[in-house]
Amino acid sequence: MRSRSKFPWVTLAVIVLAVVARTVPALSRWLVFDRAAIIDGQWWRLVTGNWVHFSTDHLLADTVAVGAAGSLIERREGTRPIWFYAATAIGVGLAVLFLAPGIAAYGGLSGVACGAFGYLALDEIRRSRVRRWLPVLVLGLLVAKLGWEYGTGRALFVNTHDGMMVLPLAHVAGLLSGFGYWAFDARLARQ
């Protein structure tokens, strides 16, 4: 039986860590995805880079998205989404490391947010027998957003400045990680 929590403590902790990382530059430098440092043995940056943001609007967009989707997941699943956050953060970090060799530094929870919306949409399609149009619409809009980002090279919800650029690969990796976590979770639920 799944534990249920009325307040999304895990999601709140995810957001608070992102805010703290943004407001404490020394912490941000220690957590950011830095390819050279990872290759040099600082492997935690694969995961913690997801909590580093390069501007206030970057932080705001990502935390609002993670807060909305993560809270809904947590209301359904209790505190189990801690594993969801870990799995998607690892998936995004590994994808950036191995599939984007030209990227020296990366940060942001947007990949995790894409995974959360993907997980929620698949879970709602599975649960609902009459209202499937809404999660299908969410998935369609998410795929359209990713296509727009790949096509234009620009972020849809964040101003990119000071050399910051969108990395659609991280969003796709987050979405696929969310799908993978959903499939794993659904298999566990059947047993």
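**Exercise 1.** Determine whether tryptophan 9 is buried or exposed, and identify the surface patch that contains Trp9.

*Solution.* Step 1: tryptophan 9 has a relative accessible area of 55% and is therefore exposed (buried means under 20%, exposed over 50%, partly exposed in between, with a 1.4 Å probe and protein chains only). Step 2: tryptophan 9 is placed in helix H1 (a DSSP run of H or I with at least four residues, numbered from the N terminus).

The model is predicted: local features need pLDDT of at least 70, side-chain atom pairs count only at pLDDT 80 or more, and totals for chains, interfaces and linings use all residues. Residues are numbered from 1 along each chain as its sequence is written, and side-chain values use heavy atoms, without hydrogens and water.

**Exercise 2.** Describe the surroundings of aspartate 123.

*Solution.* Step 1: aspartate 123 lies in helix H7. Step 2: its relative accessibility is 1%, so aspartate 123 counts as buried. Step 3: beyond four places in sequence, aspartate 123 touches Arg76, Glu77 and Trp182 (heavy atoms within 4.5 Å). Step 4: the aspartate 123 side chain makes polar contacts of 2.8 Å with that of arginine 127 and of 3.5 Å with that of tryptophan 182 (N or O atoms within 3.5 Å, one able to donate a hydrogen and the other to accept it; residues adjacent in sequence count only if both atoms are side-chain atoms).

Definitions and conventions:
Helix = DSSP H or I, 4+ residues; strand = E, 2+ residues; numbered from the N terminus.
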